[in-house]
Amino acid sequence: MSGPLLQSCRACGHVWQFRRACCPACATAGPEAVTAGGGGTVWSVTTVLRAPLPELDVPGGYGIALVTLDEGPRIMCRSEAGLAIGDRVQVAVEDDGMPRAVRAGSELEDACGG
Amino acid sequence: MAYLTGIAVTAFGKHPGRGPVDLMEEAALAALADAALPREAIDGLISGYATTYPHLMMGTVMAERLAIRPRHAHQAQVGGATGAAAIILARHLIAAGACRHVLVVGGENRLTGQSRDDAVKTLAGVGHPIHEVPLGASIPSYYALVAARYLHETGASEADLAELAVLMRRHAADHPGAQLKKPLTVDEVLASKPIATPLKFLDCCPISDGAAAVVVSAEPAGAAVIRLAGWGEAHTHQHVSEMPDDVGVGAKLAAAQAFETAGRKTADMRLLGLYDSFTPTLAIFLEAFGFAQPGRAGIAARDGRFSRDGALPLNLHGGLMSFGHPGVAGFLAHVVEVVRQMRGEAGRRQVKDAPLAYCHADGGVFSSHAGLVLERTA
Ligand SMILES: [Zn+2]
């Protein structure tokens, strides 16, 4: 597990997620790859009870959150149940490549299977 | 100057055995008849796309089917905003002197031409292929994230949003071509099965078969003259992950440009045709444009503001939520209804007087916006 991968502008310090050759804020080329610390705040969250693919459907649904990372960017994550807008969370990217958000301070290892 | 001279919409719902080209052909021929134009007068054609027939050259496919040889033909593609953007592009083609009569047409068998799972999967693909789609996000879940944020920021309730679904169903009841007409209550919306919280099944528009077409011309035709007085677009992001903090900002930018080009104000509008893929879409639009106070769109709907006899009648055909949503034709149906109302041809749905109207659609997740101010000048 690690923090989400981001890009950071060497000129203005702006940080973002989606891969780009140039900084979206100042257009400077050649951003630096950085790993987020994982701390963030829930900007919005939903529980999906009707998945886009039947094989993704799980009983009780699964959470998807938009989390504003402390570094600045807002990223989409799977989220543990019960999160609300404004909650502090810790985001980690697991072996399957999926970022998962759990309530800050909870045990990352055994939380958030879905 | 550009005028909306021909309009047509098929019934929305199920058209088993008919493909996108069949449906678009029906709407296109009806729009030409409505404009009293011969086929050969069409020198520009902008078609939508069809998820059930993802062709590279739908514009030419339609020109061939209609047996016309336009000087300009292509397929436009900005999701739900396609119809609105195509009408604006038709206006630009006319303003540039490139065309005199542009046919804008959209339609598909989105309901019967594929499985529901395929439809949901295709639509989910507007999300980011690495950072969103693999997480199991769907179109309703993208909008659910925006809806949850909207409710959080404004203090509006899910019952308030439900009022908008109820209103659309009430309006659809008076249109013979609407897909869903059974009366609906707020409680039924709230009790419908959850899709992606806070959205329930009845907060979402249906999937439909159908088609619609609009002819945009350099000169007016017919007794009632409907001018495309103002137009505006804004494309602020594609993915919900990168949407601006103000979820209404793209809508505001496009509308501001539309009102500016028309030389009109929000308060001048007397009729609305707004994209309503989900109840929060409609609420966010109504509030972004200033047609309702922040968080109050649903309450205003309940109080009659957007009803046929209200101050700002909205989607009198029932909108995407109840008239139906076959993709590109979905918003074109809003334009067809608005023009019909402005001409005074809406029968028992007819509003008293609507000399000025605003129409607006978004594609993606509030990503692409296109707005039209329509004015009756004679
Ligand atoms: Zn920069």
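These legends walk you through several close-up views of a predicted model.

**View 1. Four cysteines of chain A hold a zinc ion.** Here the zinc ion has its protein donors: the SG atoms of Cys9(A), Cys12(A), Cys23(A) and Cys26(A), at 2.3 to 2.4 Å from the metal. Along the chain, these donors follow the spacing C-x2-C-x10-C-x2-C.

View 2. Cys12(A), with 41%, is partly exposed. How many disulfides does the structure hold? The count over all chains is 0.

**View 3. Tyr143(B) meets Phe366(B).** A pair of aromatic rings is described by the distance of the centres and the angle of the planes. Over all chains, the count comes to 8 aromatic pairs. In the pair of Tyr143(B) and Phe366(B), the centres are 5.3 Å apart and the planes stand at 45°, so the pair is tilted. Tyr143(B) belongs to helix H5 (residues 139–154) and Phe366(B) to the loop between E10 and E11 of chain B, so this pair ties together parts 223 residues apart in sequence. Are these two residues buried or exposed? Both Tyr143(B) and Phe366(B) are buried.

**View 4. Phe289(B) and Tyr358(B) form an edge-to-face pair.** Their ring centres lie 5.2 Å apart with the planes at 80°, so the pair counts as edge-to-face. Phe289(B) sits in the loop between helix H9 (279–288) and helix H10 (297–302), while Tyr358(B) is in strand E10, 69 residues apart. Phe289(B) is buried at 6% relative accessible area, and Tyr358(B) is buried at 0%. Ring pairs link both residues into a cluster that also includes Phe259(B), Phe278(B) and Phe285(B).

**View 5. Ser367(B) in its loop.** You can find Ser367(B) between strand E10 (356–363) and strand E11 (368–376) of chain B. Ser367(B) is buried, at 1% relative accessibility. Among the residues that Ser367(B) touches, leaving aside those up to four places away in sequence, are His235(B), His237(B) and Asp362(B).

**View 6. Arginines over aromatic rings in chain A.** Arg74(A) lies over the face of Trp43(A), 3.8 Å from the ring centre. Arg78(A) lies over the face of Tyr62(A), at 3.9 Å from the ring centre.

Conventions:
Residues are numbered from 1 along each chain as its sequence is written. Chains are lettered from A and ligands numbered from 1 in the order in which they are written. This is a predicted model: local features need pLDDT of at least 70, side-chain atom pairs count only at pLDDT 80 or more; totals for chains, interfaces and linings use all residues. Side-chain values use heavy atoms; hydrogens and water are left out. Donors are N, O and S atoms within 2.8 Å of the metal (3.2 Å for Na, K and Ca); water is not among the atoms, so sites may look incomplete. Buried means under 20% relative accessible area, exposed over 50%, partly exposed in between (1.4 Å probe, protein chains only). Helices (H or I, at least four residues) and strands (E, at least two) are DSSP runs, numbered from the N terminus. Contact means heavy atoms within 4.5 Å. A disulfide is a pair of cysteine sulfur atoms within 2.5 Å. Rings of Phe, Tyr and Trp (its six-membered ring) pair if their centres lie within 6.5 Å; planes under 30 degrees apart count as stacked, over 60 as edge-to-face and the rest as tilted. A charge sits over a ring if NZ of Lys or CZ of Arg is within 6 Å of the ring centre and within 35 degrees of the ring normal.
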